[in-house]
Amino acid sequence: MALVVSSMIGTGIFTTTGFMVGDLGAPWQVLTVWALAGALALAGAAVYAELGAMMPRAGGEYVYLTRAYHPAVGFLAGWIAVFVGFSAPIAASALAFGRYLHAIAPAVNVRGAAFALVALTAVVHARDVRRAGAAQTALTAAIISVVVVFSVAALASGRLEASRLASSWDVPFKGGAGAWAVSLVYATYAYFGWNAAAYVAGEVRAPDRTLPRALVGGVALVAALYLGLNAVFLAAAPRAALAGQVEVGDVAARALFGARGGAAMSAAIALALAGSVSALVMTGARVVQAMADDGVLFGALGRVNGRGAPTAAVLLLGALAGVGVATSAVEPLLVYAGFTLTLSSAATVASAFVLRRREPAATRPHRALAWPWSGVAYLALSAFMLAFGARERPLETLAGAATLAGGGVAWALWRRRR
C-alpha cells in the first residue's frame with residue numbers, strides 16, 4: 001500500500017489543478033473531475049487486483065497482455081510502461097521537484113535539481129533492495145504527512161474562503177466535452193500508480209490477499225486525500241491566481257501562510273515529489289527486469305546484484321528519465337503520459353474480459369469487485385478521454401502513437417535478431 005500511495009501522490013496533484021482551473025473555470029467542475037478520476041482508478045484497481053492475484057509475477061501489464069492477447073501486445077505494454085509509464089513521469093516529477101525548489105530559492109537551477117534527484121534515486125535503488133524499500137516506506141509516510149499537515153494547517157489558518165467554492169456554481173460551463181476530457185487526462189495521470197503493486201507481485205507475500213488490499217485500499221486513501229487537498233487549493237487563492245500555474249501548491253501555501261510559511265510547505269511538497277520519483281524508479285525497474293527474464297530485452301537487464309537490486313534495469317530507467325528532464329517540460333509530459341497510459345490500462349482491463357471468456361476455469365484467488373460493471377465503467381470513461389482528448393491535444397496524441405510505432409519496430413527487430 002505504501003508503494004501504491006507514493007506512486008500516485010506526486011507530480012499530478014501538485015501541478016495539474018491550475019491547468020484544470022484555466023480550462024474549466026468553475027471549482028465545482030474541477031472537484032467533480034477529481035472525483036470521477038478517483039472512481040475510475042478504483043474501478044481499474046478492482047480489475048487489476050484479479051489479474052495480479054491470478055498471475056503473481058513482477059511485470060504488471062506486460063505479463064497480463066502477453067497471456068491474454070499475444071507476446072507482441074505484451075511487449076508493447078512493457079515498452080509503454082518503460083518509456084512512458086515510468087520514464088516520462090519520473091522526468092515530470094523531477095522537473096516539478098526542481099520548480100518547487102526554484103520557487104523557494106530562485107538561484108536553484110530547475111533542470112540541475114531534477115538531474116540530481118534522478119541520479120541520487122537511481123544510485124539508491126541500484127544498490128540494495130531492502131534499504132531502498134525501507135527508504136520508500138519512510139518517504140511514503142512523509143508524503144502522507146505533507147498532505148495531511150498542509151490541509152490541517154490550511155483549516156487552522158482561518159484564511160480559507162469557502163465562498164470561493166460555494167460561488168463557483170455561478171461560473172458558466174466553460175470548456176465543453178474536450179476540456180473535460182483533457183482535465184480527466186490530467187487527473188487520471190495524477191492517479192496513475194494505483195497499479196504499482198501489480199509490478200512487484202512476484203516479490204510480495206500472499207499476493208492473493210496482499211494485492212487487492214494494497215490496490216483498492218491505496219486508491220481509496222489517495223482519493224480522499226486528493227479531494228481534500230484540492231478543496232484547500234481552490235479555497236486558498238482566487239481562480240485567476242491558480243489558472244495555468246504549475247506550482248499550484250506554492251501559490252496556495254503563500255496565500256495562506258505568507259512567504260516563509262509558503263516556502264516551508266513548498267519544501268515539504270518537494271520532498272513528496274522526491275518520494276514519487278523513488279516509487280516510480282522502484283516499480284519501473286521490475287518491468288524491465290520481467291521483460292529481460294522473458295528474453296524480449298537484453299538478458300543483462302534482468303540480473304540482480306548480491307543485494308537483490310536489478311542494477312542495470314534501474315540505471316537504464318534513470319538514463320531514460322534523464323533524457324526526459326533534458327528535453328521536455330512538465331505540462332507536455334503530463335498530457336503525453338496520460339493519454340498513452342490510459343490506452344495501455346484500458347487494454348489491460350479489457351484483457352480481464354478476454355481471460356474470463358477464454359479461461360473460465362483458471363484459478364482466480366481474487367475476483368474483481370463489482371464485476372463486470374467495474375470493467376465496463378473503466379473502458380467507457382477511458383474511451384471518452386481518448387476520443388475527445390485526442391481532438392483537443394493532437395500533438396501529444398501523435399507522440400503517443402509514435403511511441404507505439406517505435407515499440408512495434410523494436411519488437412520486429414528483436415524477433416528477427418532472435
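User: A helix here is a DSSP run of H or I with at least four residues, and helices are numbered from the N terminus. In this predicted model, which helix holds both F384 and F388?

Analyst: The two residues are 4 residues apart, about one turn of the helix. An α-helix has 3.6 residues a turn, so residues three or four places apart point the same way. The helix that holds F384 and F388 spans residues 373-392 and is α17.

User: How are the rings of Y48 and Y64 arranged?

Analyst: The model has 11 aromatic pairs. For Y48 and Y64, the ring centres are 6.1 Å apart and the planes stand at 85°. Planes over 60 degrees apart count as edge-to-face, so the arrangement of Y48 and Y64 is edge-to-face.

User: Which helices does the pair of Y48 and Y64 link?

Analyst: Y48 and Y64 are 16 residues apart, and their pair links distant parts of the chain. Both are buried: Y48 has a relative accessible area of 0%, and Y64 has a relative accessible area of 0%. The helices are α4 for Y48 and, for Y64, α5.

User: What is the angle between the ring planes of F384 and F388?

Analyst: These rings form an aromatic pair with centres 5.1 Å apart. The pair is tilted, and the angle between its planes is 45°.

User: How far apart in space are L42 and A220?

Analyst: L42 is in helix α4, residues 27-54. L42 touches V216, V219 and A220. Along the sequence, L42 and A220 are 178 residues apart. In space, their C-alpha to C-alpha distance is 7.1 Å.

User: How many residues of helix α3 are buried?

Analyst: Helix α3 covers residues 17-24. Its buried residues are T17, G18, F19, M20, V21 and L24.

User: Which helix gives the largest share of the lining of the second largest pocket?

Analyst: This pocket has a volume of about 220 Å³ and is lined by 14 residues. The lining divides into 13 nonpolar, 1 polar and no charged. Helices α6, α15 and α18 each supply at least two lining residues. The largest share, 5 residues, comes from α6.

How values were computed. Residues are numbered from 1 along each chain as its sequence is written. This is a predicted model: local features need pLDDT of at least 70, side-chain atom pairs count only at pLDDT 80 or more; totals for chains, interfaces and linings use all residues. Side-chain values use heavy atoms; hydrogens and water are left out. Buried means under 20% relative accessible area, exposed over 50%, partly exposed in between (1.4 Å probe, protein chains only). Contact means heavy atoms within 4.5 Å. On a 1 Å grid over the protein atoms alone, a cavity is a set of points where a 1.4 Å probe fits but cannot get out, and a pocket is an open set with protein on both sides within 12 Å along at least five of seven lines; lining residues have an atom within 4 Å of a point. Grid points are joined across faces, edges and corners, and a volume is the space filled by probe spheres set on the points. Ala, Val, Leu, Ile, Met, Phe, Trp, Tyr, Cys and Pro count as nonpolar, Asp, Glu, Lys and Arg as charged, and the others, Gly among them, as polar. Rings of Phe, Tyr and Trp (its six-membered ring) pair if their centres lie within 6.5 Å; planes under 30 degrees apart count as stacked, over 60 as edge-to-face and the rest as tilted.
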